[in-house]
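Grab a pencil and work through these exercises with the structure on screen. Each one has a task, then a solution in steps.

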Amino acid sequence: MATANARKPLISGNWKMNHNHFEAIQTIQKLAYALNSADYAHVDVSVHPSFTNLRSVQTVLQADDIPIALGAQNVHMASHGAFTGEVSANMLTKLNVSFVIVGHSERRALFVEDNEVVNEKARAVLAANMTPIVCVGETLEQRRSGGAQDVVGEQVAHSLAGLDAEMVAGLVIAYEPVWAIGTGETATPHDAQLMCAYIRSLVTELWGDAAAQALRIQYGGSVKAATAPDLLAQADIDGALVGGASLDPAEFARIANFRLYQP
Ligand code: PEP
């Protein structure tokens with residue numbers, strides 16, 4: 001079944017602060033069992049365990065040669081030093097991490113990370129040869145007041161400031177309306193498409209058409225197996241960042257296989 005565009009979709013599971021390392025091993029094993037090589041031909045899949053579980057999950061992926069990418073949920077912007085409790089990009093690269101979420105709305109809201117911090121983290125990830133998944137999204141108040149595009153536009157422009165077109169072409173932006181995260185509320189496919197198309201048009205304006213056409217834009221916010229096919233049928237939605245539903249490997253595998261259920 002055809003996907004909406006030429007970009008290979010990326011389905012990412014953000015496990016957040018869930019699973020100890022035994023549970024993480026079980027989850028990745030069940031997920032690997034639920035997906036096969038035909039699936040990986042159509043979709044890239046990444047999982048983002050807690051820092052303490054990265055090594056365990058990496059070992060399973062490597063031992064069984066499973067083509068699921070390993071991702072992290074956060075990183076510190078400095079390469080090393082006196083930053084108690086933090087983890088550097090080079091430490092992640094050493095664990096075969098290939099994607100790092102930066103600027104998740106929970107980090108922006110609970111850990112006061114602004115666009116400048118997100119920008120520094122994205123640069124650190126790129127410098128360590130990994131791909132940042134840069135999260136942006138408006139709150140309910142911002143949407144109700146009609147300011148959603150301005151907020152998201154500013155987040156994109158400032159979080160990616162100073163990156164060149166080649167860097168932007170290779171990264172992932174996750175559009176995650178804050179009101180849809182963990183709430184069971186999902187943006188309609190039409191509304192999600194409108195914002196993702198706006199993001200792509202902004203990237204065209206700031207970094208050129210080649211970067212905008214190559215960049216992958218995920219939608220995130222209470223994505224489930226039932227809602228993924230319609231969302232991912234949209235022309236500018238190139239994947240999903242999935243929180244709650246990624247904790248259930250069977251559900252997450254169905255999301256990754258959205259193409260089988262597309263209209
Ligand atoms: C997320 O944490 O990025 C997310 C989208 O969570 P959920 O799918 O639970 O809304």
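Axes here are lines fitted to C-alpha atoms, for helices over the stretch in contact, and angles run from 0 to 180 degrees between N-to-C directions. Keep in mind that this is a predicted model.

**Exercise 1**

Task: work out how helix α8 (residues 148-159) sits against helix α10 (residues 189-207).

- Step 1: the axes of α8 and α10 come within 10 Å and cross at roughly 45°.
- Step 2: that makes α8 oblique to α10, because angles under 35 degrees count as roughly parallel and 65 to 115 as roughly perpendicular.
- Step 3: for the handedness, α8 passes α10 in a right-handed crossing.
- Step 4: now look for the touching residues. α8 brings Ala148, Gln149, Val152, Gly153, Val156 and Ala157, and they meet Met195, Tyr198, Ile199, Leu202, Val203, Leu206 and Trp207 in α10.
- Step 5: sort them by class, and the contact of α8 with α10 has 11 nonpolar, two polar and no charged residues.

**Exercise 2**

Task: do the packing analysis for α6 and α8, and say at what angle they pack.

Solution. 

- Step 1: α6 and α8 pack at about 45°, and their axes are 8 Å apart.
- Step 2: that makes α6 oblique to α8.
- Step 3: the crossing of α6 and α8 is right-handed.
- Step 4: on the α6 side, the contact is made by Asn115, Glu116, Val118, Asn119 and Ala122, while α8 supplies Glu154, Gln155, His158 and Ser159.
- Step 5: by class, the contact of α6 with α8 has two nonpolar, five polar and two charged residues.

**Exercise 3**

Task: decide whether Gln155 is buried or exposed, then list what it touches beyond its sequence neighbours.

Solution. 

- Step 1: find Gln155 in helix α8.
- Step 2: its relative accessible area is 10%, so Gln155 is buried; the cut-off for buried is under 20%.
- Step 3: skip the neighbours within four places in sequence, and Gln155 is in contact with Arg108, Asn115, Val136, Gly137 and Leu160.

**Exercise 4**

Solution. 

- Step 1: take one partner strand, β6 (residues 172-175). It pairs with β7 in the parallel sense over four bridges, and Tyr175 stands opposite Tyr219 in β7.
- Step 2: take another partner, β8 (residues 239-242). β7 and β8 pair in the parallel sense over two bridges, and in β8 the bridge partner of Tyr219 is Ala240.

**Exercise 5**

Solution. 

- Step 1: recall that most residues other than glycine have a negative phi.
- Step 2: His19 is not a glycine, yet it has a positive phi of about 75°.
- Step 3: Val112, not a glycine either, has a positive phi of about 50°.
- Step 4: check the accessibility. His19 counts as partly exposed at 23%, whereas Val112 counts as exposed at 68%.

Notes
Residues numbered from 1 in each chain as written. Predicted model: local features only at pLDDT ≥ 70, side-chain atom pairs only at ≥ 80, totals over all residues. Heavy atoms only, no water. Parallel < 35°, antiparallel > 145°, perpendicular 65-115°, else oblique. Left-handed = near helix turned anticlockwise from the far one by under 90°. Contact = heavy atoms within 4.5 Å. Nonpolar A, V, L, I, M, F, W, Y, C, P; charged D, E, K, R; others polar. Buried < 20%, exposed > 50% of the residue type's maximum accessible area, 1.4 Å probe, protein only. Pairing = 2+ DSSP bridges.
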